[in-house]
Amino acid sequence: MITMLTYSQTDVDTKETIELKKKKKRVELTIKSLTDSLNKIELKIAELKSEKVKEKIKDSSVTTLIRKGAKLKKEASLFSEIITIFNEDKKGIILDYNNEYFQVCQGNLCGYIHEGWIIQNDLISELKKVKETERKNIGKTNNNLYSQKALSNTKSNNNQFKEKRQQNSRTYYSGPRGGCYYINSNGNKTYVSRSLCN
């Protein structure tokens, strides 16, 4: 009789385990379905946001070949969220260039791709030079304006900000907590190694 009781207890555990495994599988399928839906929604949002950018396409004649494996990102940054990854070579239209990233449109999607994934030709190289020159000139103007403001702040705020040596046409500043930064082309602070302010 003891053997029979043990057998029936094992049988009950097996049924419960099987039922729990079935529930787990249903939950996993639900999660997969919701994740797929979320990815589709994100892609649709990216397409809708691209509508505004596509207005620029009418004025652009710079086309390129985007290499297989390229990551189309929301922003021109290594750490930016990925919109999609190309699973084959695709033709795209270049709209802009900034900080090693091209702003491109391909199909219904627009975003940023690192220059290493773009097949470059003479026209694209020329576009890069023009955009880099524009940004340097804007950066110099912003740096000059900020330098004047920083210098006036230095006199009125007990040397809170110190203008430091220029390197590669950038003026480096030391903040009140010892951080070292320069003003980028967007007018924002970009922090760098403290050694550049020494």
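Biologist: What is the relative accessible area of D36?

Modeller: D36 has a relative accessible area of 33% and is partly exposed. Here buried means under 20% relative accessible area, exposed means over 50%, and partly exposed lies in between, with a 1.4 Å probe and protein chains only. Please note that this is a predicted model, in which local features need pLDDT of at least 70, side-chain atom pairs count only at pLDDT 80 or more, and totals for chains, interfaces and linings use all residues. Residues are numbered from 1 along each chain as its sequence is written, and side-chain values use heavy atoms, with hydrogens and water left out.

Biologist: Which side chain meets D36 in a salt bridge?

Modeller: The partner is K32, at 3.2 Å from N to O. A salt bridge is a side-chain nitrogen of Lys or Arg within 4 Å of a carboxyl oxygen of Asp or Glu. D36 and K32 are 4 residues apart in helix 1 (residues 2–54), so about one helical turn separates them. Helices (H or I, at least four residues) and strands (E, at least two) are DSSP runs, numbered from the N terminus.

Biologist: And how many salt bridges does a search of the whole structure find?

Modeller: The search finds 5 salt bridges. Among them is the one between E81 and K74, at 3.6 Å from N to O. E81 is partly exposed at 45% relative accessibility, and K74 is also partly exposed, at 32%. Another joins K90 and E88 at 3.4 Å; K90 is partly exposed at 24%, as is E88 at 41%.

Biologist: Changing topic: which residues have the most contacts inside the largest nonpolar core?

Modeller: They are I66, L72, I94, F102, V104, I113 and I118, in a core of 15 residues. At least two residues of this core come from each of strand 4 (90–98), strand 5 (101–106), strand 6 (109–114) and helix 2 (122–156). A second, separate core has 5 residues, including Y172, C180, Y182 and L196. A nonpolar core is a set of buried Ala, Val, Leu, Ile, Met, Phe, Trp, Tyr and Cys residues joined through side-chain atoms within 4.5 Å.

Biologist: Is F102 buried or exposed?

Modeller: F102 is buried, with a relative accessible area of 0%. F102 lies in strand 5. Leaving aside residues up to four places away in sequence, F102 touches I94, D96, Y97, G111, Y112, I113, E115, I118, Q120, I124, L127 and K128, where contact means heavy atoms within 4.5 Å.

Biologist: How do strand 5 and strand 6 pair, and over how many bridges?

Modeller: They pair in the antiparallel sense over 6 bridges; two strands pair if DSSP finds at least two bridges between them. C105 stands opposite C110 in strand 6. The hairpin of these strands has 2 residues between them, and G107 takes a positive phi near 65 degrees there.

Biologist: How many aromatic pairs does a search of the whole structure find?

Modeller: There are 3 aromatic pairs. One of them is Y97 with F102, a tilted pair at 4.8 Å centre to centre with 55 degrees between the planes. Rings of Phe, Tyr and Trp (its six-membered ring) pair if their centres lie within 6.5 Å; planes under 30 degrees apart count as stacked, over 60 as edge-to-face and the rest as tilted. Both Y97 and F102 are buried. Y181 and Y191 also form a tilted pair, at 5.5 Å centre to centre and 55 degrees between the planes.

Biologist: Which strands do Y181 and Y191 lie in?

Modeller: Y181 is in strand 10 (residues 180–183) and Y191 in strand 11 (residues 189–192), so the pair ties together parts that are 10 residues apart in sequence. Y181 is buried at 1% relative accessible area, whereas Y191 is exposed at 54%.

Biologist: What sits over the ring of Y181?

Modeller: The charged end of K189 does, 4.8 Å from the ring centre. The criterion is NZ of Lys or CZ of Arg within 6 Å of the ring centre and within 35 degrees of the ring normal.

Biologist: Which residue stands opposite Y181?

Modeller: Y173 stands opposite Y181, and Y173, Y181 and Y191 form one aromatic cluster. Strand 9 and strand 10 pair in the antiparallel sense over 2 bridges. Their hairpin has 5 residues between the strands, and G178 takes a positive phi near 95 degrees there. Strand 9 (residues 170–174) is mostly covered, with 4 of its 5 residues buried.
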